[in-house]
Amino acid sequence: MPNNRFPKLQILSNETHTLQFLLYDTDVSVANTLRRMLIADVPTLSIDLVSVHENTTCLLDEYLSHRLGLMPIRYYDTTVEKFGDASKEFCEPKDCNCEDGCDKCWVTFSLGVQFSDKATDITCKTVSVTSDDLKTDHPNVSMASFLNEEEEEIMQEDGIALVKLAKGQHLYLEAKARLGCSKEHAKWCPVAVATYRFIPEVYLNDTALTQLTQKQREQLVECCPDQILKIDDVTGQIILEPDFEDRATFTEDLHYLQESMKKKPEDEDLITVKQSESKFVFTVESTGCMHAQEIVRSALRRMEEKLIMLKGECAGLSEGV
Amino acid sequence: MNAPERTAAFTLDEDNDERKITYAPSPQIPNAGTFTFNKEDHTMGNLIRHQLLRNPNVHFCGYMHPHPLIHRIDMKIQTRDGTTNPGDVLLEAIDDLTTECGKLQENFDGALELFQEEQDKGRNM
């Protein structure tokens, strides 16, 4: 194994639905693969089959089905005590051994709402049908609604709104959710945000910078829109702001200004801001179907599974030749 | 009506006996050939290409994804000399990546634990 790398991770913040971590000692190709796996390869549950029994609402059956499909569904993984990877308990119907659907491949939700059931008083003109009205018998599966208690207090409705009912209207339907991944349809995507950004590497050419006039230094500090530089009060030299790593956006402004300050064009740069080639800050934000850390864990597991599968295929290939 | 199945983007066509990887050695260039990864995309293509290029025995490696609706990638590999062939270096690259991915999982769990410990410590102080 001559070309092995040993990537390291550091968690920067870990909340229920957002996770930030630093990935370092590896390559941009690994970071990008992880990002793509997070978006397209993590299996989740989503409503895929809807039978509408009665619908007198203002929305069409198809419209409702589409809205139902996009609602995040949580699976409570009892082994890690978090909302996690549903593929531990479920499998996709196409991979299931059963003939026409079983508990391992489909989860059934039922919804039955009448205006009169929900209307609180006579002045009430409309009532909302929300994700809370979808009920299932499965103990570990539920519709996701709020990210935290704070949000629950602010929101007026008690879940994700599906449709509003006016007086005399009702809606009865049965929805079946199944496991899938977002390569098939974006409704299975577990993340709202999955991005990485490069950590900046800044080199200050101290010998060249000391030769500038005080006014030039001030110009340099002011021209950077990210405000990553400041002037040291004691020495009057340019130094880096302590939190420059969070702010640098790699603009060209510094580059152009310092070109005009050089005595000769071939002189060394005064300040160089580069993107690090081995350090990445990931931000993962969940749609509500899983804990953010479980999404990353699941993506890494899928990545390994995929590589092991390719390894097996590749080994089989060289034997065949 | 004639739209392909959505699952066709990532499941192998078993009716036509589609294989995950096929190999065609180059008729003109020595120690070179094209690997076709069916139902794969940039996710794995770029990862494997980058890993192969870190191997000093690899003279050339490039991949292409012919069209967004054609779900395969073609990867051309040429090795430096006859001591290693494209199949060996590819296997080695994927093997290295698997190890790396295993390490990544371990380190992620470790980092989570460490972060949790620090949080608890901060709370108790």
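Here is a short chat about how to read this predicted two-chain model.

Me: How are the residues and chains labelled, and what limits apply?
Reply: Residues count from 1 along each chain as its sequence is written, while chains are lettered from A and ligands numbered from 1 in the order in which they are written. This is a predicted model, where local features need pLDDT of at least 70, side-chain atom pairs count only at pLDDT 80 or more, and totals for chains, interfaces and linings use all residues.

Me: What is the mean pLDDT of chain A?
Reply: First the idea: pLDDT is the predictor's confidence in each residue, from 0 to 100. Where pLDDT is low, the predicted coordinates should not be read in detail. For chain A the mean is 91, and 98% of its residues reach 70 or more. Helices (H or I, at least four residues) and strands (E, at least two) are DSSP runs, numbered from the N terminus.

Me: How many residues of chain A are in contact with chain B?
Reply: Contact means that the C-beta atoms of two residues, placed from the backbone, lie within 7 Å. Here 40 residues of chain A are in contact with 35 residues of chain B. On the chain A side, strand 1 (8-14), helix 1 (28-40) and helix 9 (292-320) each supply at least two residues. Helix 9 of chain A gives the largest share, 17 residues.

Me: Which residues of helix 1 of chain A are buried?
Reply: A residue is buried if 20 or more other C-beta atoms lie within 10 Å of its own, exposed if 12 or fewer, and partly exposed in between, with C-beta atoms placed from the backbone. In helix 1 of chain A, the buried ones are V30(A), A31(A), T33(A), L34(A), M37(A), L38(A), I39(A) and A40(A).

Me: Why does E14(B) count as exposed?
Reply: Because E14(B) has 7 C-beta neighbours inside 10 Å. E14(B) sits in the segment before strand 1 (21-25) of chain B. Between E14(B) and M1(B) there are 22 Å in space, C-alpha to C-alpha, and they are 13 residues apart in sequence.

Me: Where are the domains of chain A?
Reply: Domain bounds come from an automatic or database domain assignment. For chain A that gives domain 1 (43-187) and domain 2 (201-276). Taken over C-alpha atoms, the centres of domain 1 and domain 2 of chain A are separated by 54 Å.
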